[in-house]
Amino acid sequence: MPGTYTSLYHYLEHRYANRVVLTFAQIEDLLGFTLPDSARVDQKWWANKDPNDTPHPHSRSWTLASRTATPNLQAQTVVFERAQH
């Protein structure tokens, strides 16, 4: 998975826990850059796209790691859960 969100993918891919909770600040530390404003105010930025659609580069970082993303914008956290197959 090439791109700017590769480090988030690698982090999630190598976690054994089925549920990983990260703050926006922790995600930014992993990425090495600030999340866009839309990630902080728009639930849709974190949407788990239909696998048949071409996903955005940021959402590929968790979907390729077999995770879903559920943000809590007020708390500035995201729960990444292992997708059920």
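Visitor: Which residue comes after α2?
Guide: α2 is followed by G32, whose phi is positive, near 85°. Helices are DSSP runs (H or I, at least four residues) and so are strands (E, at least two), numbered from the N terminus. Bear in mind that this is a predicted model, where local features need pLDDT of at least 70 and side-chain atom pairs count only at pLDDT 80 or more, while totals for chains, interfaces and linings use all residues. Residues are numbered from 1 along each chain as its sequence is written, and side-chain values use heavy atoms, leaving out hydrogens and water.

Visitor: OK, which residues of α2 are buried?
Guide: In α2 (residues 24-31), F24, I27, E28 and L31 are buried, meaning under 20% relative accessible area with a 1.4 Å probe, protein chains only. Down the axis of α2 they fall within an arc of 100° (directions from the axis to the C-beta atoms), so they line one face of the helix.

Visitor: And what do they pack against?
Guide: α1 (6-13), β1 (19-23), α3 (37-41) and β3 (77-82).

Visitor: Where do α1 and α2 meet?
Guide: S7, L8 and Y11 in α1 meet I27, L30 and L31 in α2, with contact being heavy atoms within 4.5 Å. The axes, lines fitted to C-alpha atoms over the stretch in contact, come within 7 Å and cross at roughly 110°. The two helices are therefore roughly perpendicular (65 to 115 degrees).

Visitor: Switching topic: what does W62 touch?
Guide: Not counting residues up to four places away in sequence, its contacts include L8, L12, W45, W46 and F80.

Note on methods:
Buried means under 20% relative accessible area, exposed over 50%, partly exposed in between (1.4 Å probe, protein chains only). Axes are lines fitted to C-alpha atoms, for helices over the stretch in contact, and angles run from 0 to 180 degrees between N-to-C directions. Angles under 35 degrees count as roughly parallel, over 145 as roughly antiparallel, 65 to 115 as roughly perpendicular and the rest as oblique.
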